[in-house]
Amino acid sequence: MVGKERGAERAMKKTGAKIGRMTVIIAVMAAVPLIISCSGEVKDADSAIHRMIEAYGGPEKTEAMSTFAGKGFIKKIPHDYVAASYPIDIYQKKDFYKNKVMIVEQGILADVRLILVNDRESFKWTWEDGRGEVPEWDINMIKYRFPRVLGWIAESASSGELVEGAGDDGNCMVRFKNPTERVTLVIDDESWLLKETIVESFIDSTFTSRDVYSEYRKVDDFWFPSRFSGYIRGQLSYEFILVKVEIGVEIPDSVFGITREDTLRLKMVKRAAERRE
């Protein structure tokens, strides 16, 4: 009997220890929403922006990301829902931006499309159509797109407002207003990385653009999204995936123009076609 009683006491102690551990685990799990909730963790826009910048490694790293070169593929979704994917190169150096899309048809380079945006001028160019204007909405999407938007945030954080109740769906939202548009940042309140940038025009109330950033990965110790999805008036307009990103690289100013490298391969293709004719 004594042995049985001692065995029962040991079993009760083990059970009590398990219950104690379970109580601790439950208490910790119950505390998690308080830790990651936007409304519970941050009290104002400045706090939310600070958390996001720190998630990227701090101001020095966000500053470094303002210069990068990326290579990948862009999938443009036209209205007939027939998707096409083309190679894309993206260059950004502070406020200088350039993307180059190589239009490949049946395995042959058919055209090159350039978009160049900076503080002095903005234009688009193709071999077939020459030089043209970049739509204002496209310039704004580039201006507020990751990672350039991080620099814009650093200058505008004091004017942002925390959107009440946004933490209910796992997101923290900070909203900025200027005379022509309203810009909303959607931040994941667990990782504190930027998920979306939404731009709503005050001039055209029907116009809204939205950039979604996903599939984050570490690039030389920098968090950088691989997939960028762009929506215009609620419709998916384009999507590009970067398979290679170089951060903080030296990019000569001459790159931000129509260069010999941009057109050399296409010239060779055109000349070969002319000789065949």
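**Close-up views of a predicted model**

A search of the whole structure turns up two cavities of 30 Å³ or more. This is a predicted model, in which local features need pLDDT of at least 70, side-chain atom pairs count only at pLDDT 80 or more, and totals for chains, interfaces and linings use all residues. Residues are numbered from 1 along each chain as its sequence is written, and side-chain values use heavy atoms, with hydrogens and water left out.

View 1. A cavity here is a set of points, on a 1 Å grid over the protein atoms alone, where a 1.4 Å probe fits but cannot get out. Grid points are joined across faces, edges and corners, and the volume is the space filled by probe spheres set on the points. By that count, about 60 Å³ of space lies in the largest cavity. Its lining (residues with an atom within 4 Å of a point) is made up of Phe68, Ile90, Gln92, Tyr97, Ile142, Arg145, Phe146, Phe228, Phe240 and Leu242. Strands β2 and β13 (235–247) are the elements that give two or more residues to this lining. Helices (H or I, at least four residues) and strands (E, at least two) are DSSP runs, numbered from the N terminus.

**View 2. The nonpolar cores.** A nonpolar core is a set of buried Ala, Val, Leu, Ile, Met, Phe, Trp, Tyr and Cys residues joined through side-chain atoms within 4.5 Å. Buried means under 20% relative accessible area, exposed over 50%, and partly exposed in between (1.4 Å probe, protein chains only). The largest core has 51 residues, of which Met52, Phe146, Leu194 and Phe224 touch the most other members. A second, separate core of eight residues includes Leu109, Phe123, Trp125 and Leu266. Back at methionine 52, contacts (heavy atoms within 4.5 Å) are made with Leu150, Ile153, Ile187, Trp192 and Leu194, leaving aside neighbours within four places in sequence.

View 3. Two strands pair if DSSP finds at least two bridges between them. Here β3 and β4 run antiparallel and are joined by nine bridges, with valine 101 partnered by arginine 113 in β4. Two residues sit between the strands of this hairpin, where glutamine 106 takes a positive phi near 55°. Arginine 113 also has a bridge partner in β5, namely threonine 126. The β4 and β5 strands are antiparallel too, with five bridges, and their hairpin has four residues between them. Seven of the ten residues of β4 (residues 108–117) are buried, so this strand is largely enclosed by the rest of the structure.

**View 4. Threonine 126 up close.** This residue belongs to strand β5 (residues 122–126). With 16% relative accessibility, threonine 126 counts as buried. Not counting residues up to four places away in sequence, threonine 126 touches Asp111, Val112 and Arg113.

**View 5. Salt bridges across the chain.** The structure holds 16 salt bridges, each a side-chain nitrogen of Lys or Arg within 4 Å of a carboxyl oxygen of Asp or Glu. One of them joins lysine 94 to glutamate 63 (2.3 Å, N to O). Lysine 94 sits in the loop between β2 (84–93) and β3 (96–105), and glutamate 63 in helix α4 (residues 59–64), 31 residues apart. Lysine 94 is partly exposed at 40% relative accessible area, and glutamate 63 is partly exposed at 44%. Another bridge brings together aspartate 262 and lysine 98 (2.7 Å, N to O). Aspartate 262 lies in helix α7 (residues 260–276) and lysine 98 in strand β3, so this pair ties together parts that are 164 residues apart in sequence. Both aspartate 262 and lysine 98 are buried. The two also belong to a salt-bridge network that links Lys71, Asp89, Lys98, Lys100 and Asp262.

View 6. Strands β10 and β11 run antiparallel over five bridges, and six residues separate them in their hairpin. Valine 199 stands opposite serine 209 in β11. A salt bridge also connects glutamate 196 with arginine 210 (2.8 Å, N to O); glutamate 196 is in β10 (residues 194–201) and arginine 210 in β11 (residues 208–219). Glutamate 196 is buried at 14% relative accessibility, while arginine 210 is partly exposed at 29%. On to the next pairing: β11 and β12 (residues 222–232) are antiparallel over ten bridges, and aspartate 211 has glycine 230 in β12 as bridge partner.

Methods. 1 Å grid on protein atoms, 1.4 Å probe; cavity = no way out; pocket = protein on both sides within 12 Å on 5 of 7 lines; lining within 4 Å.
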